[in-house]
Amino acid sequence: MTIHAWQAQQLGDPSEVLRLVDLPEPTPGPGQVRVAVRASAVNFADTLMCRGEYQVRPEPPFVPGLEVCGDVLEVGEGVTHVAVGDRVLGGTAVPAGGFATQCLMDAASTFAAPAGLDDAASAALMISYQTGWFGLHRRAHLREGETLLVHAASGGVGSAAVQLGGAAGARVIGVVGGADKVTMARELGCDVVIDRREQDVIETVKEVTDGRGADVVYDPVGGSAFTQSTKCIAFEGRIIVVGFASGRVPEPRLNHALVKNYTILGLHWSLYQQHDPQSVLDAHAELVRLADAGQIAPLVAETYDFADTPAALARLAGGSSTGRIVITA
């Protein structure tokens, strides 16, 4: 039996290096699961992986696609928590990634899909919401009543933090770029929305917090967004460094952090899978509870057919998308 897959045959821009090929069905090794893919979420990390710029650097040829929802077809040795026929979501085992009709998943990052979410939303749940949960709760210890500032609040990573912050009882300020994204951020649950193209982020945060600033900042952007955060962070505030979608890695002024008494927190979620896998399972259980209660739901803004996978990656890499982009079978 063969499968269809978008394979990166060399490193480079996804639109140039991905080719639709037929491959043998993947065989799960110990601790792996073979899955028929229903939907595959597109992550910025997929574009970086194709270019050889991600922290995980598989040698070409490989099939990217880090996050899927699908049906279990076969389980490898030692896998007992899922069975053939289960509808699951989670992380794939590249080089047999999710931009294919079948993929392999690591059992440690394979979870039951919530009944309350459809395939596209389930595919987009794990990375953004696990990252948000660990960032807000494990790293920053967000408390009810605190003010949370979220950069890129209408994007895939930011929108998850907005919903999780609201579910935790925080007052959420979202920063977006453009009038169309303002409406979306409000619908997501932001109490205050700042259009960075029209408003001064620093002054607006100070104004709506009566000069106190934000207790917690969730920053997947870096660059000037990080600099703005340091100028409107509250006493004993916490800035969570999630990523650098702006393309610029900031160089923090540690003397400023000292004088202003705030904390800069790095977050590399996948390390929890290595060092504390039980915490990942516990976080998923909490995310399922919140999803079934209607408190969180991935914002799937666009879906693409499997045949249009390179276009989906190009859309994300263009930087103008909102919410999550998902490829459906």
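**Exercise 1.** Which residues in α2 meet which residues in α12?

*Solution.* The model is predicted: local features need pLDDT of at least 70, side-chain atom pairs count only at pLDDT 80 or more, and totals for chains, interfaces and linings use all residues. Residues are numbered from 1 along each chain as its sequence is written, and side-chain values use heavy atoms, with hydrogens and water left out.

Step 1. Take contact as heavy atoms within 4.5 Å. F44, D46, T47, C50 and R51 of α2 then meet L313, L316 and A317 of α12.

Step 2. Helices are DSSP runs of H or I with at least four residues, strands runs of E with at least two, numbered from the N terminus. The axes of α2 (residues 44–51) and α12 (residues 309–317) come within 9 Å and cross at roughly 105°. Axes are lines fitted to C-alpha atoms, for helices over the stretch in contact, with angles from 0 to 180 degrees between N-to-C directions.

Step 3. Roughly perpendicular covers 65 to 115 degrees, and α2 and α12 are therefore roughly perpendicular to each other.

**Exercise 2.** State which residues form salt bridges with R34, and how buried each partner is.

*Solution.* Step 1. A salt bridge needs a side-chain nitrogen of Lys or Arg within 4 Å of a carboxyl oxygen of Asp or Glu. R34 meets E25 at 3.7 Å, N to O, and E74 at 2.9 Å.

Step 2. Buried means under 20% relative accessible area, exposed over 50%, partly exposed in between (1.4 Å probe, protein chains only). R34 is buried at 10%, whereas E25 is partly exposed at 26% and E74 is partly exposed at 30%.

Note on methods:
Parallel < 35°, antiparallel > 145°, perpendicular 65-115°, else oblique.
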